[in-house]
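Please look through the structure below before reading on. The paragraphs after it go through the two ligand sites in turn.

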Amino acid sequence: MTSGSVSTEQKHYSTCTLCEAMCGIEVTTDKREILSIVGDKKNPFSEGHVCPKAMALKDLYEDPDRIKMPLERTAEGWQEIPWEEALDKVATALFETQQKHGPESVATYLGNPNAHNMGSILFGPYFYRALKSHNRYSATSVDQLPHHIVSRQLFGHQSQIPIPDIDHTQYFMIIGGNPLASNGSIMTVPHIKRRLKAIQSREGKVVVIDPKKSETADMSSEHHFIKPGTDALLLLAMINTLFASDKVTPERLLEFAPHLLDIEAYVAPYTPLKVASKIGMTPAQIEHLVSDFCAAESAVCYGRMGASVQAFGTLTQYLIMLFNMLTGNLDRRGGMMFTQPAADFLPHSGRGSIGNFHTRVRKLPAFAGEFPVSALAEEMTTPGEGQIKAMVIGAGNPVLTTPNGQQLDTAFEKLDFVVAIDFFMTETARHANIILPPVTALERDHYDIVFHNFAVRNSTKYSPAIFPPEANSKTDWQIYLGLAERLDSLNGLPTDKYSVLWDKTPTGVIDDMLQTGRYKHADKPISIATLLDLPHGIDLGPLQPDLPDAIFHTDKKIDMSFDYFMSDLTRLDKHFFESQTPDDDSLQLIGRRHLKTNNSWLHNSQRMVKGTNNGLSRCTAQLHPDDAAKWSIEDKQMINVKSRVGEISLPAEITDKIMPGVISIPHGWGHNKKGMRWQVAQQHAGVSVNDLTDEMVVDELSGNAVLNGVPVWIKASA
Ligand SMILES: Nc1nc2c(c(=O)[nH]1)N[C@H]1C(S)=C(S)[C@@H](COP(=O)(O)OP(=O)(O)OC[C@H]3O[C@@H](n4cnc5c(=O)[nH]c(N)nc54)[C@H](O)[C@@H]3O)O[C@H]1N2
Ligand SMILES: Nc1nc2c(c(=O)[nH]1)N[C@H]1C(S)=C(S)[C@@H](COP(=O)(O)OP(=O)(O)OC[C@H]3O[C@@H](n4cnc5c(=O)[nH]c(N)nc54)[C@H](O)[C@@H]3O)O[C@H]1N2
Ligand code: SF4
Ligand SMILES: [Mo]
C-alpha cells in the first residue's frame, strides 16, 4: 500500500461450496478482485482446513471463459441478449412446447452443484411447480439414490440419513468411499485425514474395502480388495456371521425395530464360504472383519459412491444399515448417528414417494418425483405421448456424467428447445438455445441447507455474498423465480405470491427456519442476525442420540421393509449363482476421483489441471501389472477400452494398487467436443468414461445407474 492511499482490502468469512466438507474460508478482496483464499482458522467446524480446490473458487470467479450475460443461439452464432428478453424467450418456448406436446414434453435435469446452492434448493421448486411436468431427472440417480430410498423406508424421510460419528468411533469401516480424494460424502467432514489419523492414535482402526488400494486405503489400518459390484454379498455374509457367531447385539434398537432379528432367515444361505470366491475374499477375511468390528468399543460401517452406484447398490446400503443396527451401532456414540441441524429442512421437504409412477419407455420406477437419469436419452428419442421435446438443464453436465453420454449427446441434438442454467459452455450447455448464466458461489448469500444435515458435528454458519451483485447479474434463484412467474402468467395463473418471495429472498426463509429451530445463542433463538455477528459460525456440539425423534414414521418405529428390499435377493441369486460363467476376457470398470477435480467442471482452471502424474494426464486407465502383461500393454501406452455401448482410447497406467481384473477410469473428462468454450479444459481434454457405462444396466430396486462394475474389454491401441 502506498502511503496516503486508503486500503480497499477486505477480509470476508465464507464457506467453500465445491465439495461436501463445508470448509470455512477467509477471502481477501480488493474491490471486486480476490487476492487470496485461505482456510478460516476461527471456523469452529473446519478449523482452518482447506484443500487445493478452495483456490479454484477464485479461478471460477475470474475465468475468462465464464458466461456473464444470457446467450442465444442464432444463425450467426451465440449472441448476448438482455436478461428480460432471455427469460421471456425461455418461458415462452417452454410454454409453447407444452401447449403443443403436453406438459411432460418439457423435462428437467438438475446437477450436483444445486445441492450447494440454497437459492436453487429453496426457490427452484417454484419453477418446477409452475412447469407442471413429471419428467424430472437429476444427478441423484447417478449417485446417492440408494441412500434416500433406504432412509425413506427405514426412517420415513429420504434425507434422514445417519452419518458416521467419526470423531468418537473406534472402528471405521469404509466400503466404496475414498474420502482422502473426495473429502467425504454423505459425511460432511473437513480435515478427514486428521480425523482418520485420530482414530488410529486412539488405538482404533480404519478399514477400507475397495477394489483399489485408494489414498484412503493407503493410510488405513487394513485394506481388503473386493470384486466390484459384490458388496451386497459381503454384507449378507457379514450379517450371516453375526448370527452364526452369536454376535448380534442390537440392544435398545429392538425397541424401535421389533422385527429386526427376522433378517436371520434371509441371510441364512449366504455363508462366508458361499460368497468368498464371488467377492474375492476368503471366508476367514470375512469372519475377521466381523469379529474385529464387534470387538471394538464402538464401530461404524459406512458405504458410499462405490457401494451405491453399482448393480446392487440399494440392497448394499440397506444391509450396511442393518449391520450397524444388529451390532447396536445405530444412534450410538461412535456409530451411525443422526444430525441435529439448526435450520432443518427435513420437515419442510418431501419425505420421498416410491414407485408412484414409472418411466414411459422402460418402466423404471420414480422416486421422490424423479425418474432415473439412465432413461433420459430413450425418453427423448422414443416417439409417442410424453416424449421429451425440450430440456431444462440446471447446474448439470449429463453428457459427461451419466451413462452412455455419447447417446445422450446425440439425443440432445434432436430436441426442439434446450435451456442451460450454467455459467460455462459445457458439453451439455452447447446444445442449448439459450444459456442463462448465474453468478458464481462467492457472489451469492450462502447457508449450507443440505450439508449441515449430513455433518459429523452440529454447527451453523451463514455467509453473505462477498461481492455485491454486479449490474446485469442474477443468482440461480432469481432465474428460477423469473421463469416461474412468467410461466404462471402464460398459464393464466395469479403471480402475486412471487412478490413476497422476491422480498423474502432465500436468506429470509433460512432465518425463519433458524428462529423456529432447536438452538439458542445467548438465550435468544439463533437467527441470521446472530450469524452475521459471528461470521466464523457456531459450534453446536457433537451428534446426539436421537431415537425415536429422528424417525418420521408416525408410529415412531423403524420400518424394516424386508419385503421391499429382500425381494432383490432373487435377482442377486440369479446374477451371482445361476448365471453363466463370466467372460474371462472382460475387466470390471470402476471410477475414481482426484483431489483436484470436481466432477466435470474444474478442468478449466490451470491450477487444477497442472501437476504431474508421471507425465500423464489424470485421465488414465489404471490396470494391474498381471492384466497389463496378459494383454501385452506397457505403462503409458494408449489402449482401447470397449464396452457394450462404446469405445474410448486413453493411456494405461500400470499399478499394483488396483485389483487384478479391475480397471479404473475417472469421470468428468472428454472436453474435446465441438462448440465448447473451455480453453484450458480443451487442452487437457481426456476422454469420457461415461461413453463406456451402460444406461441399460441399472440397480433395479432404485433405477440408479451402474457406474462401477461395468464389463469392458481392452487391447493395445493400433
Ligand atoms: N463414471 C462416473 N460417472 C459419474 C460419477 C462417477 O463416479 N463415475 N459420479 C457421479 C456423481 S456422484 C455425480 S454427483 C454426477 C455429477 O453430475 P452433474 O451434476 O451432471 O455434473 P457436474 O460435473 O457436477 O456439472 C455441474 C455443472 O454445473 C455448473 N455449475 C457449477 N456451479 C453452479 C451454480 O452455482 N449454478 C449453476 N446454475 N450452475 C453451476 C458447472 O459449470 C457444471 O457445468 O456425476 C456422476 N457421474
Ligand atoms: N476431489 C473431488 N471431490 C469430490 C468430487 C470430485 O469429483 N472430486 N465429487 C463429489 C461428489 S459429487 C461425490 S458423490 C463424492 C463421492 O465421494 P466418495 O464416495 O468418497 O467417492 P470416490 O472418491 O469416487 O470413491 C469411491 C471409491 O469406491 C471404490 N469402488 C468402486 N467400485 C466399488 C465397488 O464395487 N465396491 C467397493 N467396495 N468399492 C468400489 C473406488 O475404487 C473408490 O475408491 O465426492 C465429492 N467430492
Ligand atoms: S475440502 Fe471441499 S469444501 Fe474444503 S476446500 Fe476442499 S473443496 Fe472446498
Ligand atoms: Mo455426487
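Between which domains does ligand 2 lie, and why? The model is predicted, and the answer comes from the residues around this ligand. Domain 3 (145-341 + 556-567) and domain 4 (579-716) both give residues to the shell around ligand 2, so ligand 2 lies between them.

That shell can be followed residue by residue. There are 33 residues around ligand 2, and Ser182, Asp210, Asp231, Thr597 and Asn599 come nearest. Sorted by class, the shell holds 16 polar, 10 nonpolar and 7 charged residues. Two helices each supply at least two of its residues, namely helix H5 (179-182) and helix H13 (305-308). The largest share comes from H5, with 3 residues.

Several polar atoms of the protein can be located next to ligand 2. In the side chain of Arg593, a polar atom lies 2.8 Å from an oxygen atom of ligand 2. A nitrogen atom of ligand 2 is 3.1 Å from a polar side-chain atom of Lys53. Leu595 takes part through its backbone, where an N or O atom lies 3.3 Å from a nitrogen atom of ligand 2. On its own, ligand 2 has 920 Å² of accessible area, and the protein covers 97% of this.

Which domains give at least three residues each to the shell around ligand 1? They are domain 2 (71-143 + 353-521) and domain 4 (579-716).

Ligand 1 has 30 residues around it, of which Asn112, Thr401, Asp422, Asp476 and Ser600 come nearest. Counted by class, 14 residues of this shell are nonpolar, 11 are polar and 5 are charged.

For Ile421, a backbone N or O atom lies 2.9 Å from a nitrogen atom of ligand 1. For Ala395, a polar backbone atom is 3.4 Å from an oxygen atom of ligand 1. Taken alone, ligand 1 exposes 920 Å², of which the protein buries 97%.

How values were computed: Residues are numbered from 1 along each chain as its sequence is written. Chains are lettered from A and ligands numbered from 1 in the order in which they are written. This is a predicted model: local features need pLDDT of at least 70, side-chain atom pairs count only at pLDDT 80 or more; totals for chains, interfaces and linings use all residues. Side-chain values use heavy atoms; hydrogens and water are left out. A residue is near a molecule or strand if one of its heavy atoms lies within 4 Å of it. A polar contact is a pair of N or O atoms within 3.5 Å; within protein, one must be able to donate a hydrogen and the other to accept it, and residues adjacent in sequence count only if both atoms are side-chain atoms. Accessible areas come from the Shrake-Rupley method with a 1.4 Å probe; for residues, only the protein chains shown count as cover. Ala, Val, Leu, Ile, Met, Phe, Trp, Tyr, Cys and Pro count as nonpolar, Asp, Glu, Lys and Arg as charged, and the others, Gly among them, as polar. Domain bounds come from an automatic or database domain assignment. Helices (H or I, at least four residues) and strands (E, at least two) are DSSP runs, numbered from the N terminus.
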